[in-house]
Amino acid sequence: MLKMDSHIHSEYSPDSLSKIDDILKTAKARNIDVIAISDHNTVDGTSEVIKKTRNTDILAIPSIEISSTEGHILGFGCEENVPRDLTPEDTIDRIHDLGGLAIIPHPYCFYRHGLLHNTDYKNLKIDAIETKNARFIVGYCNRKAKKLSIKENIPTLGASDAHYWKFVGDCYSLVDSEKDIDSILKAIVKGKTEAHGKGTSNILLSKYLFEKNVLKKFD
């Protein structure tokens with residue numbers, strides 16, 4: 001089984017300051033085999049991490065978090081940018097055209113642009129859904145996503161959604177797969193995944209946000 005964190009943000013996202021090197025340092029310390037830099041509406045972070053993980057023990061899978069008109073969608077396996085502000089249906093079609101998987105991050109979480117809180121999932125060709133996203137307060141959205149995954153037999157994933165490198169691996173997936181991109185994508189579609197982990201400490205998260213949004217202004 002491979003330990004994978006499929007949803008990490010780097011400094012290429014406007015709401016993160018994390019350097020790729022720091023992300024990789026934490027991933028190695030937490031024995032993570034596979035990571036994906038899923039930055040907002042850009043694959044620039046993906047391009048950098050793929051270069052830096054060549055000939056290392058960590059496999060980097062290309063990814064991007066796309067802002068559709070109804071909420072965020074991960075283009076897992078996409079090496080090219082997907083235009084933002086398309087409908088969820090068109091966004092997912094673009095992802096599939098690029099050979100990627102359409103994964104729903106932090107579903108139902110309306111204050112984080114989570115898809116499904118006002119969108120009918122039956123119209124969407126979803127490949128997988130996060131049922132353990134580490135950035136939660138009480139876990140309601142994770143529980144609701146888990147119920148949907150069971151009802152509709154949608155493969156489940158865990159991910160840190162880390163915007164700060166110290167939170168990488170708080171939630172993660174175990175994937176029954178060989179250690180290559182194509183095998184992992186196929187394993188996800190077949191549901192050979194398990195979501196694990198814990199929520200990111202809200203105390204540490206608040207401290208990070210204070211340092212990022214308040215103290216940074218005085219540097």
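The dialogue below goes through a few features of this predicted model.

Me: What should I know before reading the residue numbers and values?
Reply: Residues are numbered from 1 along each chain as its sequence is written.

Me: What is the strand order in the open sheet?
Reply: Helices (H or I, at least four residues) and strands (E, at least two) are DSSP runs numbered from the N terminus, and two strands pair if DSSP finds at least two bridges between them. Here five strands form an open sheet in the order 4-5-6-7-8, with mixed pairing. Strand 4 (65–67) and strand 8 (156–159) are at the edges with a single partner strand each, so one side of each has no neighbour in the sheet. From one strand to the next, the twist averages 40°.

Me: In which sense do strand 6 and strand 7 pair?
Reply: Strand 6 and strand 7 pair in the parallel sense, over two bridges. Ile-104 stands opposite Ile-129 in strand 7.

Me: How is the packing of two helices described?
Reply: By the angle between their axes and the distance between the axes. Axes are lines fitted to C-alpha atoms, for helices over the stretch in contact, and angles run from 0 to 180 degrees between N-to-C directions. Helix 1 (residues 20–29) packs against helix 2 (residues 44–52) at about 55°, with the axes 10 Å apart. The two are therefore oblique to each other (angles under 35 degrees count as roughly parallel, over 145 as roughly antiparallel, 65 to 115 as roughly perpendicular and the rest as oblique). Contact means heavy atoms within 4.5 Å; among the residues making it are Ile-20 and Leu-24 of helix 1 and Val-49 of helix 2.

Me: Is His-106 buried or exposed?
Reply: Buried means under 20% relative accessible area, exposed over 50%, and partly exposed in between, with a 1.4 Å probe and protein chains only. His-106 is buried, at 4%. His-106 sits in the loop between strand 6 (101–104) and strand 7 (128–133). Leaving out residues up to four places away in sequence, the residues that His-106 touches include His-7, His-72 and Asp-161.

Me: Where is Thr-69 found?
Reply: Thr-69 is in the loop between strand 4 and strand 5. At 44% relative accessibility, Thr-69 counts as partly exposed. Apart from neighbours within four places in sequence, Thr-69 is in contact with Asp-85, Leu-86, Thr-87 and Pro-88.

Definitions and conventions:
This is a predicted model: local features need pLDDT of at least 70, side-chain atom pairs count only at pLDDT 80 or more; totals for chains, interfaces and linings use all residues. Side-chain values use heavy atoms; hydrogens and water are left out.
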